[in-house]
Amino acid sequence: NSRLYNRQASYFGVKKQFENSKQYFSIAHLMDPQNPEILTSFSSSLLSCGDNEKAKQCAEIVLSANPFAVKAMYVKAEALYNTCFFEQALVIFLRVQRLSPDLHGAQLGILKCHKTILNCIGEDNSVFDFDRLDDFLKLIKHEGLDQLLGEKDKSKKQKVIKQDVPKQKLTKDMDRLSRDKKYFAALETSLMDINLGYGRDRVRSSINEVISSGINYIDGRTKFWAQIQK
């Protein structure tokens, strides 16, 4: 019966004979397809064999019946991490840690996601790093880009900056804006090739809107600084 195959699969898993374990869990699942524990164990064995996509699919079947199945959530998070969906994996690892604080693997998962994401971002602190960034974010939230880039505001700021800002600093700021625009453009191109998963078109659209707003803002500021340099 399914229990016998389940025990045999678990035995092979302890011995780290993952292929044998996967085969026995597969048979146990076929004999008792409604058993969530067997399916969770099967997904874990698939993960150990490197079959991340099938492991995630099995875990999602368990989670569709029980959204709080911690072991299935952990398997899904590991599968997402292994397939380079680091941000999604981090979200699920954090959820697992909240539901099961004693699960050591969740903390390790959070740490490796953080490390990998930071490594992907790199150490170039020029990205989004310019003077009065916090003020800009507050203004754009309350007034919008059109108000920020209005002709009246430009003329007022132009008079002040002409008196106070050295030419060397203006050149440096324009170079930084140029690098930030290249970053936005590369991000927009990369996003087109990334599979965000089923039903995530709205997420992609929202990110594209933010990117477009950022590029428009940088274009406006570049023209503004160019006038100051004349």
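Author: A disulfide is a pair of cysteine sulfur atoms within 2.5 Å. A search of the whole structure finds zero disulfides. As for provenance, this is a predicted model, in which local features need pLDDT of at least 70 and side-chain atom pairs count only at pLDDT 80 or more, while totals for chains, interfaces and linings use all residues. Residues are numbered from 1 along each chain as its sequence is written, and side-chain values use heavy atoms, with hydrogens and water left out.

Reader: Is Cys84 buried or exposed?

Author: The classes are set by relative accessible area: buried is under 20%, exposed is over 50%, and partly exposed is in between, with a 1.4 Å probe and protein chains only. Cys84 has 52% relative accessibility and therefore counts as exposed. Cys49, with a relative accessible area of 24%, is partly exposed.

Reader: Where does Cys84 lie, and what is its phi?

Author: Helices are DSSP runs of H or I with at least four residues, strands are runs of E with at least two, and both are numbered from the N terminus. Cys84 lies in the loop between α5 and α6. Its phi is near 75 degrees, a positive value in a residue other than glycine. Lys16 also has a positive phi, near 65 degrees, and is a residue other than glycine. Lys16 belongs to the loop between α1 and α2 and is exposed, with a relative accessible area of 63%.

Reader: How is the length of helix α2 checked?

Author: The expected span of a helix is 1.5 Å times one less than its number of residues. Helix α2 (residues 18–31) has 14 residues and should span 20 Å; its end C-alpha atoms are 20 Å apart, which agrees.

Reader: Which residues of α2 are buried?

Author: An α-helix has 3.6 residues a turn, so residues three or four places apart point the same way. In α2 the buried residues are Ser21, Phe25, Ala28 and His29. Taking the arc as that of the directions from the helix axis to the C-beta atoms, they cover only 100 degrees around the axis, which puts them on the same side of α2. The elements that cover them include α1 (2–14) and α3.

Reader: What is His29 in contact with?

Author: Contact means heavy atoms within 4.5 Å. Leaving aside neighbours within four places in sequence, His29 is in contact with Ile38, Leu39 and Phe42. His29 has 18% relative accessibility, so it counts as buried. Another histidine, His114, lies in helix α7 and is partly exposed at 40% relative accessibility. His114 and Leu90 are 24 residues apart in sequence, with 7.6 Å between their C-alpha atoms.

Reader: How many residues does the largest nonpolar core have?

Author: A nonpolar core is a set of buried Ala, Val, Leu, Ile, Met, Phe, Trp, Tyr and Cys residues joined through side-chain atoms within 4.5 Å. The largest one here has 30 residues, and those with the most contacts inside it are Phe42, Ala72, Ala89, Ile92, Phe93, Val96 and Cys113. At least two residues of this core come from each of α3 (36–48), α4 (52–65), α5 (70–82), α6 (86–99) and α7 (104–121). Helix α5 supplies the largest share, eight residues. Apart from this core lies another, of six residues, among them Leu177, Phe184, Ile215 and Tyr217.

Reader: How many salt bridges does the search find?

Author: A salt bridge is a side-chain nitrogen of Lys or Arg within 4 Å of a carboxyl oxygen of Asp or Glu. A search of the whole structure finds five. Lys56 and Glu60 form one of them, with the closest N and O atoms 3.5 Å apart. Being four residues apart in helix α4, the two are separated by about one helical turn. Lys56 counts as buried at 15% relative accessibility, whereas Glu60 is partly exposed at 31%.

Reader: Which pairs link distant parts of the chain?

Author: Lys76 forms a salt bridge with Glu60, again with closest N and O atoms 3.5 Å apart. This pair links Lys76 in helix α5 to Glu60 in helix α4, 16 residues apart. Glu78 and Lys112 meet at 2.9 Å, N to O, and join helix α5 to helix α7 across 34 residues. Glu78 is buried at 9% relative accessibility, and Lys112 is partly exposed at 27%. Through shared partners, salt bridges join Glu53, Lys56, Glu60 and Lys76 into one network.
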